[in-house]
Amino acid sequence: MKPYIVAIFNQKGGISKTTTSTNLAVCLAAHGKSVVVIDLDSQGDSTKSLGVDPNIKRGIFDLFIGGAEIDDVLIPTMFDGVRIIPSTYSLAGIEIKLSELKDSQRTLTNIVGHSSLDCDYVVIDCPPALGILPINALAAAHAVVIPVTATPYANDGLMRTLPSIKYVQEGLNKSLLLQGVLFTIHDRHKSARKISDLIRSRLGGTVYTAEIPRDTMVIEAAGARLPVCIYAPKSGASQAHLDFTVEFLERHHKIAAKAGCQLAPFPSRSQAQETLVRWQEIHASKAVPPEHDRLRQRTSQLDRMLYGDRTRSERLHLWLIHFFIDHRAVLVAFLLTVALAALVVVGVGVGGMRMLADALGAS
Ligand SMILES: Nc1ncnc2c1ncn2[C@@H]1O[C@H](COP(=O)(O)OP(=O)(O)OP(=O)(O)O)[C@@H](O)[C@H]1O
Ligand SMILES: [Mg+2]
């Protein structure tokens, strides 16, 4: 049977698309499903989060430009049942490459349609903004899940995202279904509740009951390059991701039943939870290098990018600029000292001139 393809999409950035994609993938796998994640973001966050290095040679970019077959780029992750078509940094140049192709909005549809992707679910992690990549994802998907964070800008994000989905539904993919809206990075304070209530009242049952709370464990897990459901399966965010996965599966079963297809029942939530705990014992212990090592690596990478091909004086200049941006009080003190020194120099100069003039006048 063909896999059920779901795009995780919102034009807004930083609202947990990647976190939702990777945790949905491992939670589906914990329910015994085989999953392929497609990382469509050149940032490669879901690739990294599933333990794969985006510096690898081939990935989704090569698939898009016809330089590889699915089997060449589909790689296993360390989690049973989860494979990934990774993002590589070259994906950043895909817009230009695709603009040269005919039918570029359907490239992914054609790739998936012509291959026999042997899995139950495909989860596509979309980049923020509406470009050729999300369009490709929406054109190829059966369903879309929109993560939303209840901030004052949530409505703006939705108001830009929903018309894009409609645009694809009207043209490229008439059967694309909005499977649901998921509240992510959710705060319990009053203003967030007001916003989420407003969105719930507008979108009704489209919004999942599960809400993913703001939880520092998610950030710790990202630092360890693991989905939070593996890093801390008993944390609040993991529990909520598991609840969401159950709802996601139930909705998919209902959709399939409506289309006259009866899907096999899936294991209970508690069985899936046990699997996640077992995976935590296996993987969390051998998580990536300690955080400070990775931070140091990243800082030196950044330094190379910022200062790499510059002369020593240019580097010093840049370093001073960054130092003063970070230490404004030092900058103010520095400027005051320079101003004071200038006044003293001018004062001494004027005094000296006067003394000289007096001396010349007296003689
Ligand atoms: N439930 C949560 N609690 C706390 N932090 C979270 C939660 N979910 C995600 N985050 C953090 O928020 C940041 C953005 O998350 P993520 O990368 O998943 O968003 P995104 O929508 O994929 O971003 P982008 O648009 O850049 O691709 C990350 O630092 C992530 O660790
Ligand atoms: Mg992302």
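**Exercise 1.** In this predicted model, determine in which sense strand 6 and strand 7 pair, and over how many bridges.

*Solution.* Start with the range of strand 6, residues 143-148. Strand 6 and strand 7 run in the parallel sense, and 6 bridges join them. Next, follow the chain between the two strands: from strand 6 it passes through helix 8, residues 154-170, to strand 7. This β-α-β crossover is right-handed.

**Exercise 2.** Describe how strand 7 is connected to strand 8.

*Solution.* Strand 8 covers residues 207-213 and pairs with strand 7 in the parallel sense, over 3 bridges. Within this pairing, F183 is found opposite E211 of strand 8. The β-α-β unit made by strand 7, helix 9 (residues 190-203) and strand 8 is right-handed.

**Exercise 3.** Explain why strand 7 is largely enclosed by the rest of the structure.

*Solution.* A residue is buried if 20 or more other C-beta atoms lie within 10 Å of its own.

**Exercise 4.** Work out which elements each supply at least two residues of the shell around ligand 1, and how the shell divides by class.

*Solution.* First, the residues: 21 surround ligand 1, and G13, K17, T18, T19 and P128 are the closest. Second, the elements: at least two shell residues come from each of helix 1 (17-30), strand 7 (177-186) and helix 10 (216-223). Third, the classes: 9 residues of the shell are nonpolar, 7 are polar and 5 are charged.

Conventions. Residues are numbered from 1 along each chain as its sequence is written. Chains are lettered from A and ligands numbered from 1 in the order in which they are written. This is a predicted model: local features need pLDDT of at least 70, side-chain atom pairs count only at pLDDT 80 or more; totals for chains, interfaces and linings use all residues. A residue is near a molecule or strand if its C-beta atom, placed from the backbone, lies within 6 Å of it. Helices (H or I, at least four residues) and strands (E, at least two) are DSSP runs, numbered from the N terminus. Ala, Val, Leu, Ile, Met, Phe, Trp, Tyr, Cys and Pro count as nonpolar, Asp, Glu, Lys and Arg as charged, and the others, Gly among them, as polar. A residue is buried if 20 or more other C-beta atoms lie within 10 Å of its own, exposed if 12 or fewer, and partly exposed in between; C-beta atoms are placed from the backbone. Two strands pair if DSSP finds at least two bridges between them. A crossover is right-handed if, with the strands pointing away from the viewer, the path from the first strand over the helix to the second runs clockwise.
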